[in-house]
Amino acid sequence: MTQPTPGPWMINQETQEVYAEPDPKGPSIVVADCCNANAPDSDKEQEANARLIAAAPMLYRACEMNVCLHKADDTECHADEGPCAARAAIRKASDGLARC
């Protein structure tokens, strides 16, 4: 699986673009553009979407740490419980493997 753009990700408050931390060797990479003038979303909703997307690398790592700490076993999982919910989120976002 192709790896996502490394974090941290930040928000340009003027454009609502989420971008990766600038690389000294090149331009910053826009990860997502959360501003759409034609969308019915409010400005506050677009800002909230940008914050959630910008937090994605940290949230993903927190899920990995939760799974690794608790060594959740699929046979005893309920998708709405801590480590099992984290494992489900990892599966949805990647190749399914927590990197412990």
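Pro-8 sits in the segment that precedes strand S1 (9-12), in a model that is predicted. Helices (H or I, at least four residues) and strands (E, at least two) are DSSP runs, numbered from the N terminus. The peptide bond joining Gly-7 to Pro-8 is cis, with omega at about 0°. For orientation, most residues other than glycine have a negative phi, and most peptide bonds are trans. Gln-16 counts as buried because its relative accessibility is 8%; buried means under 20% relative accessible area, exposed over 50%, and partly exposed in between (1.4 Å probe, protein chains only).

Residues are numbered from 1 along each chain as its sequence is written. Local features need pLDDT of at least 70 and side-chain atom pairs count only at pLDDT 80 or more, while totals for chains, interfaces and linings use all residues, and side-chain values use heavy atoms, leaving out hydrogens and water.

Stepping back to the whole protein, its secondary structure comprises three helices and three strands, arranged along the sequence as β-β-β-α-α-α. Of the 100 residues in the protein, 21% are buried.

Helix H1 (residues 43-54) contains Ala-50, which counts as buried because its relative accessibility is 0%. The C-alpha atom of Ala-50 is separated by 9.2 Å from that of Gln-13, 37 residues away along the chain. The buried residues of H1 are Gln-46, Ala-50 and Ala-54. They cover an arc of only 75° around the axis, so they are on the same side of H1; the arc is that of the directions from the helix axis to the C-beta atoms. On the other side of H1, Lys-44 and Leu-52 are exposed. As a rule, an α-helix has 3.6 residues a turn, so residues three or four places apart point the same way. The length of H1 can be checked too: at 1.5 Å a residue, its twelve residues should span 16 Å, and the end C-alpha atoms are 16 Å apart, which agrees. The expected span is 1.5 Å times one less than the number of residues in the helix.

A similar check can be made for H3. Its twelve residues should also span 16 Å at 1.5 Å a residue, and its end C-alpha atoms lie 17 Å apart, in agreement. Pro-83, Cys-84, Ala-86, Arg-87 and Ile-90 are buried in H3. Viewed down the helix axis, the buried residues of H3 fall within an arc of 160°, so they line one face.

Ser-94 follows in the segment after helix H3 (82-93), and is buried at a relative accessible area of 14%. Its side chain makes a polar contact (a pair of N or O atoms within 3.5 Å; within protein, one must be able to donate a hydrogen and the other to accept it, and residues adjacent in sequence count only if both atoms are side-chain atoms) with the side chain of Tyr-60, at 3.1 Å. A polar atom of the Ser-94 side chain also lies 2.7 Å from the backbone oxygen of Ile-90.
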